[in-house]
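These are my notebook entries on a two-part look-up. I take the chains in turn and then the local backbone features.

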Amino acid sequence: MINFQHNHFELFGLPQRFAVDLARMDEAYRQIQSQVHPDRFVSAGDAERRASMQSATQVNEAYRTLKHPLARARYLLALKRVDVAGESNTAMPAEFLLQQMHWREAVEEAANQPEALAELERRLAREMNDHYAELERSLDRDGDYALAAGTVRKLMFLERLREEIGDALERADA
Amino acid sequence: MALLQISEPGMSRAPHQHRLAVGIDLGTTNSLVATVRSGIAVVLNDAEGHALLPSVVRYFPDGSTAVGHPAQAELVCDPRNTIVSVKRFMGRGLKDVVHAENCPYDFLDSPGMVQLRTCAGVKSPVEISAEILRTLRARAETSLGGQLVGAVITVPAYFDDAQRQATKDAARLAGLNVLRLLNEPTAAAIAYGLDNASEGVYAVFDLGGGTFDISILRLSKGVFEVLATNGDATLGGDDFDHRVFCWIVEQARPAPLSDEDTRLLLTEAREAKEHLSSHSEARITARLGTGELIDNTLPLKTFAEVTRTLVQKTIAPVKKALRDAGLTVEDVNGVVMVGGATRMPQIQQAVAEYFNQAPLNNLDPDKVVALGAAIQADVLAGNRAAGDDWLLLDVIPLSLGLETMGGLVERVIPRNSTIPVARAQEFTTFKDGQTAMAIHVVQGERELVSDCRSLARFELRGIPPMVAGAARIRVTFQVDADGLLSVSAREASTGVEAAISVKPSYGLSDAQIAQMLQDSVAHSGDDAQARALNEQRVEARRMQEAVTAALAADADLLTPGELADIRAALAALVEVASGGDRGAITGALERVNKITEPFAARRMDRSIHQAFTGKKLEDMNI
């Protein structure tokens, strides 16, 4: 089993930053999986097969966490011992919450209209990208983790919204 | 992409090192077995030269069976005891079986999985499937001239845990060592990708006799990565037959049909469907038991009309899979067609229209899955040199969740997570002094428990009595590389390992398997004792080889004391392996396993570090 003295970044040989070289991460992920994956240990003893499954599971978990920018930011903040989810949602700025209400109304109105939903999805993606750019600045350049935690909380809202639009799109398709 | 390589003369492995491994496509309509011979994947034929084994099992009153063509030939005479499309019943309850009223079987709704009453007694779909697998195993062992080390068995990508477990149980019952359960579209991608040295994003559209899968894969050098999969485990060529059957009945309006006539007309319907793959109309003639004559002509256009909604049903899963992969139609470099049902012109056309490109049909859609499975079996059995193999990264098709208050589902592992995957969830007690807790695991995408597949009910017992909310029970869900779930639990605040009593909603207990094995041996002429001893010996040899190889590579990870202990345990294993005491071999195997555990962990850690050798130092630590 992998000795997780190293964190996910170290596992893939990546600098501990929000901005990640995804191509390099993919390469490292594949290299490690080709060493530890259960397919390599089909004829091995039970102990090795078990160790292989546990290792491959942890490598998949590390990859999943670092691949998704929101999960990556949360993980990075956790490494800095900043608690993201600890504060209640009521601490969100009133302006942001109001915006959320508008978004939700827009999604409800667009229900069953795939085109309108797709447009909302694109708009949301742009807004999320702005927040991600902000995250990169606060995490990698300024080291302002309190600000980053606030942005992460906003993105958690937006990510949920994105999932809801996806569900609505699926329903509209069916 | 790893290309097929031909080793230089003299460099190839000695023949005795080649391990006999096969790929088996256990299909709804037909099943196949394939292997890699001299570096080339080939389907193994039966003595009469047939590649396809019809997935048909006939039971006789004395308990004997006929499998394949002979069973199919007598289908109309003995519909009740001749089981077709048994795959549709695997891991399914009676209420899940679509069109059960049209099947001429005597169903028995038993908990978890439906069973069938035949003249040879009550049979579970697992036993019936095992008959098919046993026939294929015998075919392979005759053809290859030796005992198999194992088999890769394919399952529809959209099969849930219950269906996968049932398939694995059937293989065990048939005396097969399952190297891996492999998703059918992934198997097809392996056969296709290696053949064409393809790179890029591919969609595999797999419409079989009873199941539909769509998988989106990224093929790049040495890696097959499944990005997303979706499908419909109750949609296939059988449904098209059924539509044609209904059309025939509607046209002719015969008197109520007997079981024999239903079977006859379903067979006529299937033949008409197959005929229409290459003709513009099909004539349907049949003489019913009542003497009534059916004579009709089905034009291709009408066939397309009566099956339009079925064709449409394939497109929604395609859209979902692309969405989950984060891709659009434009990103797809090619669409591979798999499964006999993709020969239907209306399917070809719908796929071409949706993807905006002509689908790829250059491999036989009936054989491509078995060929891919054989190639993967060859790799898993270790017949390929390092560097000449590839990595396969597959996903879990359906989300796993837990029942929470009010019958709602809490998702624990989302669909399309790369396997193996594990997730832990913490629970706490609701009442003071509570010492037990019930947990219900479900699989599916719906919000209500009642709309999902119930996988298992667990009871956690032996929780130390504490005030409500103080206990921290950590339940871990592990999905292995076969896509199968296991669950473990412990109380975190005290470290007490909570006892789990598993009540699977499906699947067979070891005792049931043992009983079925005994029953089947009575009719197969197999010597179970001799076979079991032989299997343990093979296992002992496999273990000895594996540990010896590990020691040769990494003995420096061990202290002299540890090394001596492992050598002693190995020597003991070799000693008993030549004898006839099966229990002693099992015991010696267990000791080797136990004693090599820390060694295995250290080797895994070293592997990871070695994955980075060659990287610049400054890249490593920033």
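How many helices and how many strands does chain A have? I counted seven helices and zero strands in chain A, helices being DSSP runs of H or I with at least four residues and strands runs of E with at least two, numbered from the N terminus. I note that this is a predicted model, in which local features need pLDDT of at least 70 and side-chain atom pairs count only at pLDDT 80 or more, while totals for chains, interfaces and linings use all residues. Residues are numbered from 1 along each chain as its sequence is written, and chains are lettered from A and ligands numbered from 1 in the order in which they are written.

**Entry 1. Chain A overall**

I read the order of elements from the N terminus as α-α-α-α-α-α-α. Chain A has a radius of gyration of 20 Å, well over the 16 Å of the globule rule for 174 residues, so it is more spread out than a compact globule. That radius is taken over C-alpha atoms, and the rule is 2.2 Å times the number of residues to the power 0.38. The C-alpha trace of chain A spans about 60 × 45 × 30 Å along its principal axes.

I then looked up burial, for which a residue is buried with 20 or more other C-beta atoms within 10 Å of its own, exposed with 12 or fewer, and partly exposed in between, the C-beta atoms being placed from the backbone. Of the 174 residues of chain A, 35% count as buried. One residue I checked is Gln35(A), which is in helix α2 of chain A and counts as buried because it has 21 C-beta neighbours inside 10 Å.

**Entry 2. The side of chain A that touches chain B**

I found 33 residues of chain A in contact with 41 residues of chain B, a contact being two C-beta atoms, placed from the backbone, within 7 Å. Which elements of chain A give two or more residues to this side? They are α2 (22–36), α3 (46–67) and α7 (145–173) of chain A. The most comes from α3(A), with ten residues. By class I recorded 13 nonpolar, 14 polar and six charged residues on this side of chain A; Ala, Val, Leu, Ile, Met, Phe, Trp, Tyr, Cys and Pro count as nonpolar, Asp, Glu, Lys and Arg as charged, and the others, Gly among them, as polar.

**Entry 3. A five-stranded sheet in chain B**

In chain B I traced an open, mixed sheet of five strands in the order β18-β13-β14-β15-β19, where two strands pair if DSSP finds at least two bridges between them. The edges are β18 (334–338) and β19 (391–393) of chain B, each with a single partner strand, so one side of each has no neighbour in the sheet. Neighbouring strands are turned by 25° against each other on average, direction ignored.

Strand β15 (residues 223–232) of chain B runs parallel to β19(B), joined by three bridges, and Val223(B) stands opposite Leu391(B). Helix α8 (residues 308–325) of chain B packs on the sheet, touching β13 (200–207), β14 (212–220) and β15 of chain B, and its direction makes about 140° with that of β15(B). Axes here are lines fitted to C-alpha atoms, for helices over the stretch in contact, and angles run from 0 to 180 degrees between N-to-C directions.

**Entry 4. A hairpin and a helix in chain B**

I noted that β2 (residues 30–37) and β3 (residues 40–43) of chain B pair antiparallel over four bridges. They form a hairpin with two residues between them, and Ser38(B) in the turn has a positive phi of about 50°.

Is helix α2 (residues 125–144) of chain B enclosed or exposed? Since 15 of the 20 residues of α2(B) are buried, I describe this helix as largely enclosed by the rest of the structure.

**Entry 5. Backbone exceptions in chain B**

The peptide bond from Ile419(B) to Pro420(B) is cis, with omega near 0°. Pro420(B) sits in the loop between β21 (408–413) and β22 (421–427) of chain B. Asn416(B) is in the loop between β21 and β22 of chain B, has a positive phi near 65°, and is buried.
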